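I opened this notebook to keep track of what I looked up. The entries follow in the order I made them.

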Amino acid sequence: MEEKRNLLEIKDLVVQYVTDEAVICAVNGLNLSLGHGETLGLVGETGAGKTTTAKSVLRILPDPPAKIQSGEILVDGTNLLALTEKEMRKIRGNKISMIFQDPMTSLNPVLTVGDQIAEVIMLHQAKSKKEAYRLAGDMLELVGIERSRSKDYPHQFSGGMKQRVVIAIALACNPEILIADEPTTALDVTIQAQVLALMKELQEKYRTSLLMITHDLGIVADICDYVAIIYAGTIVEYGTKEQIFLNRFHPYTKGLFNCIPDIMRDDNRLIPIDGLMPDPGNLPEGCAFCERCPEAMDCCKNGMPDQKEIEPGHFVRCFLPYKEG
Ligand code: SF4
């Protein structure tokens with residue numbers, strides 16, 4: 001079998017928010033990989049560490065209070081955490097781009113959308129101003145907006161159109177990795193579907209590797225190849241979309257699926273996961289899901305389970321596979 005080549009690899013990442021009052025353990029030994037042209041869904045509840053992980057990749061966390069305490073973030077074998085700020089500036093927007101949740105706050109209200117796209121092109125590519133503005137028009141057309149609108153300001157666009165502009169900015173330099181942090185959460189349902197279809201089309205066209213951060217399993221089903229389930233700053237289950245949807249194993253993953261409507265299920269009640277995520281300022285010694293887990297055992301309180309491969313390419317961080325042999 002051909003060995004999978006990873007474009008992005010996150011190894012044992014630990015990120016904390018350190019203040020005089022507390023140490024918040026947001027990301028705790030997280031491992032993740034993303035191959036060329038793949039789409040990976042990073043799925044978890046609010047506060048699970050998804051956005052902190054994404055911002056760590058781009059090194060845009062506010063420091064202080066955020067501190068990347070240990071780990072490696074490798075892109076094509078280069079550890080981003082070892083680069084200088086000047087070197088990182090060449091990576092951001094060029095090799096790696098990010099789409100944020102709220103398009104209203106991603107755009108500069110006093111610059112036209114054409115200015116904002118052209119600015120990114122001129123910053124990263126040796127293009128003249130005229131050529132950058134021509135390319136900005138091309139990018140607008142690519143995302144379904146007439147190039148004549150490049151002279152308009154963000155407030156002249158609807159929410160869905162603004163997110164299209166944000167996508168155009170993110171893709172302007174043809175990045176190898178695109179990180180999308182809940183890109184459709186602020187949009188209404190019909191616009192969500194349009195923006196997702198556009199992202200999928202562009203990702204396939206340019207073979208961009210996409211890290212899709214979401215809590216919406218419908219989005220994962222729609223566009224992802226692989227899925228990583230994150231809980232309390234750690235990946236608890238990872239596999240192909242088929243493995244996670246058809247053969248999920250971790251009790252937390254099962255809980256997430258029980259929270260969504262299923263027309264195949266006889267009873268029409270949703271089963272929420274009881275309790276709350278543990279306080280990241282005071283994580284338990286054992287499995288972080290222990291207090292909420294319907295299958296918890298005595299051993300779960302005493303230590304963190306290692307990650308175990310339960311079928312080829314399907315990994316779970318839980319004591320159950322050890323018990324079941
Ligand atoms: Fe539940 Fe134990 Fe597995 Fe944690 S390790 S998810 S508590 S069974």
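Before reading off any pocket, I noted the term: a pocket is an open set of grid points with protein on both sides within 12 Å along at least five of seven lines. I also noted that this is a predicted model.

**Entry: the largest pocket.** I looked up its volume, which is about 700 Å³. The lining consists of 23 residues, and those closest to the pocket centre are Arg92, Gly93, Val120, His124 and Ile169. Sorted by class, the lining has 11 nonpolar, seven polar and five charged residues.

**Entry: the ligand.** I asked where the ligand sits. I found the ligand in the largest cavity. I counted its surroundings next: 13 residues, of which Cys287, Cys293, Cys300, Cys318 and Phe319 are the closest. By class, this shell has 11 nonpolar residues, one polar and one charged.

**Entry: helix α1.** I checked residues 50-58, which form α1, and found seven of the nine buried, so the helix is largely enclosed by the rest of the structure. For burial I used the cut-off of under 20% relative accessible area. The buried residues of α1 are Lys50, Thr52, Thr53, Ala54, Ser56, Val57 and Leu58. I looked at what follows α1 and found Arg59, with a positive phi near 55°.

How values were computed. Residues numbered from 1 in each chain as written. Predicted model: local features only at pLDDT ≥ 70, side-chain atom pairs only at ≥ 80, totals over all residues. Heavy atoms only, no water. Near = heavy atom within 4 Å. 1 Å grid on protein atoms, 1.4 Å probe; cavity = no way out; pocket = protein on both sides within 12 Å on 5 of 7 lines; lining within 4 Å. Sits in = over half its atoms within 2 Å of the grid points. Nonpolar A, V, L, I, M, F, W, Y, C, P; charged D, E, K, R; others polar. Points joined across faces, edges and corners; volume = space filled by probe spheres on them. Buried < 20%, exposed > 50% of the residue type's maximum accessible area, 1.4 Å probe, protein only. Helix = DSSP H or I, 4+ residues; strand = E, 2+ residues; numbered from the N terminus.
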